[in-house]
Amino acid sequence: MKKKDLEHYEQLLLKKRTALIEELGLLKKAALETTIKDSTGELSAYTYHMADQGTDAMEREKAFLFASKSGRLLYHINEALRRIQDKTYGKCQECGAEISSARLEAVPHARLCIKCKEKEEFAKAKEGPNFS
Ligand SMILES: [Zn+2]
């Protein structure tokens, strides 16, 4: 992929990432406010375990990120940005084919070409619904 194209997709990804981080910040704030309101008793018990608090907060943050669709999307966008740095961006991670520019334009964090993506979707559908 040409340097100019890489820069173009990098801009797309960065723009998406900024929007997502903003969205997640709002979500997190809402989630935290709900926790404080819903479980005041439990929360005060928490604060006494000062030593564990840091890890707990981090684990909860990670769990929170992965529980949300935007959190997972953010992860994929970060991975795509890493591939731009590696210069492996735009190549299918399954078969190594170039991912079409039309597909990258629509899904700049795509890691599979459309053929491999369809195969993956088909395999998933065969396994039945996946709620994770
Ligand atoms: Zn492929």
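This is a predicted model: local features need pLDDT of at least 70, side-chain atom pairs count only at pLDDT 80 or more; totals for chains, interfaces and linings use all residues.
Residues are numbered from 1 along each chain as its sequence is written, and side-chain values use heavy atoms, with hydrogens and water left out.

Let's start with the overall layout. Helices and strands here are DSSP runs numbered from the N terminus (H or I, at least four residues, for helices; E, at least two, for strands). Of the 132 residues, 21% count as buried; buried means under 20% relative accessible area, exposed means over 50%, and partly exposed is in between, with a 1.4 Å probe and protein chains only. The accessible surface of the chain comes to about 9700 Å², and 58% of that belongs to carbon and sulfur atoms. These areas come from the Shrake-Rupley method with a 1.4 Å probe, and for residues only the protein chains shown count as cover. Among contacts with a separation of 6 or more, 57% are between residues 24 or more positions apart, where a contact means heavy atoms within 4.5 Å.

Now for the zinc ion. Its protein donors are Cys92, Cys95, Cys113 and Cys116, each through SG, at 2.3 to 2.4 Å. Donors are N, O and S atoms within 2.8 Å of the metal (3.2 Å for Na, K and Ca), and since water is not among the atoms, sites may look incomplete. Why does the arrangement count as tetrahedral? The four donor atoms subtend angles of 104 to 114° around the zinc ion, and four donors get that label if all angles lie between 85 and 135 degrees. Along the sequence, the donor residues follow the spacing C-x2-C-x17-C-x2-C. Cys92 sits in the loop between helix 4 and helix 5 and Cys116 in helix 6 (residues 114–127), so this pair ties together parts that are 24 residues apart in sequence. The C-alpha atoms of Cys116 and Cys92 are separated by 7.9 Å. Leaving aside residues up to four places away in sequence, Cys116 touches Cys92, Glu94 and Cys95. Cys92 is buried at 5% relative accessible area, and Cys116 is buried too, at 7%.

Cys92 also turns up in the nonpolar core. The largest such core has 18 residues, and those with the most contacts inside it are Leu13, Ile84, Tyr89, Cys92 and Leu104. Helix 1 and helix 4 are the elements that give two or more residues to this core. A nonpolar core is a set of buried Ala, Val, Leu, Ile, Met, Phe, Trp, Tyr and Cys residues joined through side-chain atoms within 4.5 Å.

Tyr89 deserves a stop of its own. The structure holds one aromatic pair, and Tyr89 forms it with Tyr9: the pair is tilted, at 5.6 Å centre to centre and 45° between the planes. The pair links distant parts of the chain, with Tyr9 in helix 1 (residues 3–38) and Tyr89 in the loop between helix 4 (69–86) and helix 5 (101–106), 80 residues apart. For the terms, rings of Phe, Tyr and Trp (its six-membered ring) pair if their centres lie within 6.5 Å, and planes under 30 degrees apart count as stacked, over 60 as edge-to-face and the rest as tilted. Both partners are out of the way: Tyr9 is buried at 5% relative accessible area, and Tyr89 is buried at 3%. Not counting residues up to four places away in sequence, Tyr89 touches several residues, including Met1, Leu6, Leu13, Ala80 and Pro108.A few other residues round out the tour. His109 lies in the loop between helix 5 and helix 6 and is buried, with a relative accessible area of 16%. With residues up to four places away in sequence left out, His109 touches Leu13, Leu73, His76, Ile77, Ala80 and Arg83. Glu120, in helix 6, is partly exposed at 23%. Lys87 lies in the loop between helix 4 and helix 5, is exposed at 63%, and has a phi near 65°, a positive value in a residue other than glycine.

Note on methods:
Four donors count as tetrahedral if all angles lie between 85 and 135 degrees; four count as square planar and six as octahedral if opposite donors are over 155 degrees apart and all others between 65 and 115; anything else is irregular.
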